[in-house]
Amino acid sequence: MEGDYFNETSYRGTKKFSQQDVKTADATGFGAAADDYMERGIDLNEQLIRNKPATFFMRVRGDAMTGAGIFDGDTIIVDRSLKAESGKVVVATLNGEMLIRRLEKTFNKVRLLPETPKHATIEVDASCDSLGIWGVVTYSIHPV
Amino acid sequence: MKAIVDCNSFYCSCERLFRPDLQQKPVVVLSNNDGCIVSRSDEAKAAGVGMAVPYFEARPLIQQHGITAFSSNYNLYGDMSWRVMETLRHLLGNATKVEVYSVDEAFIDLGDIPAEKLYDTAMNIRQTVEQWTGISVSIGVAPTKTLAKLANFLAKKNKAATQCVKVLATREEQVTAMRQTRVSNVWGVGWAYAKKLIDLGITSAWELSTMPEEWGYTNLGGVVGARLIRELNGLPSREMEKPLVTKKMIATTRMFGQPVTDINDIKEAIATYTSRAAEKLRRQHSAAKVISVFIVPREQNYEVSFRRGATISSHITLPAATSSTNELIKPAVQLVDDLYEQGKVYKKAGVMLAGLEPDESIQGNLFAAGPQKYQRLLMDMMDNINFSMRDDVLKFAASGLARNWKMRQELRSKRYTTRWEELYEVR
């Protein structure tokens, strides 16, 4: 095993798959022909979760991110293994609170931007101890 | 090279992951029924909270230092433990290189990584686990499990200097480390052996390592003792173990949420524990032939000693092995009649299933008789419903409805990772 092997770690969703997951028509007559074209159904876990041990669900309260299409009561998927790059929507910890905001990084400043005029931008020094990135938001599930 | 990966104050770390306001603050987690302290953050240790101290005894200290206490949230800890272990399995690239040793510890097999790369590799594992799961770990690396444990002990003892990673690759490093470690802190040296060794003038791990293997054999419990000395000398004698897939005995025991005097409450509890044990039995495709039940009363002079009285137990051998909950509940509840004494106050009860054999009534088994097969189908359906709906939606009436004896968990946090209705709310 190479020492630097760990530096590029990626983990892809579901690792277990059984042939029984492929459905068949169970028809006795002519319909059985369709069985030749049966394939696995779509698994949302597999599509929406890239890294299972690092993925958490959270519920959004409030309207801080309505401009980004994330509303009160929505369920978000948070991946802790992703790098928190500038421009990503993140869950940040600041002064003991967890916030969902858009992250903006410059060489000496970090900004947490709400996507609503109702909240103010939070600006901290890049060296600030009380700011942490809990995880990167990858999807929001919104009931229609 | 082998390593042990050990989560730092695991239960507290799980709680803090969803309570950023408690970072660097003292936190403790209580055992079942909020009985005593089972996990302490470093800050709580510094405040003088001891391990396994009863909650009521630690209460003044907890209030004085503003320590946050939690009831055990095993749903959360179990899920977080899986995440840590899964991350390790992914990093090692092969599940057989990870031996889950307990809920918060795993041995990993690092193979033949060159000595100069060991520290960086271990540090990388530590950082990845923390990044992915939010749980901080300490890692000890050495040629044997026993020395890895010792390395980890030193890493934890001085987190600031070691950054929670300690590698003992060379013999020199191992000797230095062993000289600094008291014999009582060596993995596998229990309280009784430690006393014996100290009486013989063997006080450090290093002194123990200089003893001949044969001496270990005669004085430290036979082959285990000989292996212990070999391991301290860097000779691997405890290999990576496979998980115990099929258990030989299955037990479910619990403290009651409050002292119980009524026989019907005890019967309900026993029926519930039997259901749980039978569920575990079916999960490993076994059937049980022997069922034993025990109940533990409080001592007469309880107010003075706080101690429990002697365990009272009895068992019964069934005509044929079974995995059906209803067939197990009946004899279990009957045993309570034999054991129960009017007027006593009970604190704890348990059920043990033994005489395990492969379940003959499993679906698809050609030799299974008719009614047995349907019994098994019924159990499978019940298990499926209970596992998918949770909270034992289907249970036998014998398990009761009021459940006066149920576990006390007054300070439990939400089940953030396993319940859709209890997700963390972010603003």
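**Chains A and B: questions and answers**

Q: How does Ile385(B) count at 34% relative accessibility, buried or partly exposed?
A: Buried means under 20% relative accessible area, exposed means over 50%, and partly exposed lies in between (1.4 Å probe, protein chains only). Ile385(B) has 34% relative accessibility, so this residue counts as partly exposed.

Q: Which pLDDT do side-chain atom pairs need in this predicted model?
A: Residues are numbered from 1 along each chain as its sequence is written, chains are lettered from A and ligands numbered from 1 in the order in which they are written, and side-chain values use heavy atoms, with hydrogens and water left out. Because the model is predicted, totals for chains, interfaces and linings use all residues, local features need pLDDT of at least 70, and side-chain atom pairs count only at pLDDT 80 or more.

Q: Which helix holds Ile385(B)?
A: Helices (H or I, at least four residues) and strands (E, at least two) are DSSP runs, numbered from the N terminus. Ile385(B) falls in the run at residues 370-389 of chain B, helix H16.

Q: What is the area of the nonpolar surface patch that includes Ile385(B)?
A: Patch residues have over 30% relative accessible area and no salt bridge; like charges are joined within 9 Å and nonpolar side chains (Val, Leu, Ile, Met, Phe, Trp, Tyr) within 5 Å. A salt bridge here is a side-chain nitrogen of Lys or Arg within 4 Å of a carboxyl oxygen of Asp or Glu. Ile385(B), Met389(B), Val393(B) and Leu394(B) make a nonpolar patch of about 340 Å².

Q: How many disulfides are found over all chains?
A: A disulfide is a pair of cysteine sulfur atoms within 2.5 Å. The sulfur of Cys12(B) is 9.1 Å from its closest cysteine sulfur, in Cys14(B), so that pair is too far for a bond. Cys14(B) in turn has its closest cysteine sulfur in Cys7(B), at 7.5 Å, again too far. Searching the whole structure gives a count of zero.

Q: What relative accessibility does Cys14(B) have?
A: Cys12(B) is buried, at 1%. Cys14(B) also counts as buried, with a value of 0%.

Q: What phi does Gln24(B) have?
A: Most residues other than glycine have a negative phi. Gln24(B), which is exposed at 65% relative accessible area, lies in the loop between helix H1 (10-17) and strand E2 (27-30) of chain B. Although not a glycine, Gln24(B) has a positive phi of about 60°.

Q: Between which helices does Ala52(B) lie?
A: Ala52(B) is not a glycine, yet has a positive phi of about 60°. Its place is a loop of chain B, between helix H2 (42-46) and helix H3 (55-64).

Q: What pattern does chain A follow along the sequence?
A: Chain A has one helix and seven strands. Read along the sequence, the pattern is α-β-β-β-β-β-β-β.

Q: What share of the 144 residues in chain A is buried?
A: In chain A, residues 24 or more positions apart account for 52% of the contacts with a separation of 6 or more. The buried share of its 144 residues is 33%.

Note on methods: Accessible areas come from the Shrake-Rupley method with a 1.4 Å probe; for residues, only the protein chains shown count as cover. Contact means heavy atoms within 4.5 Å.
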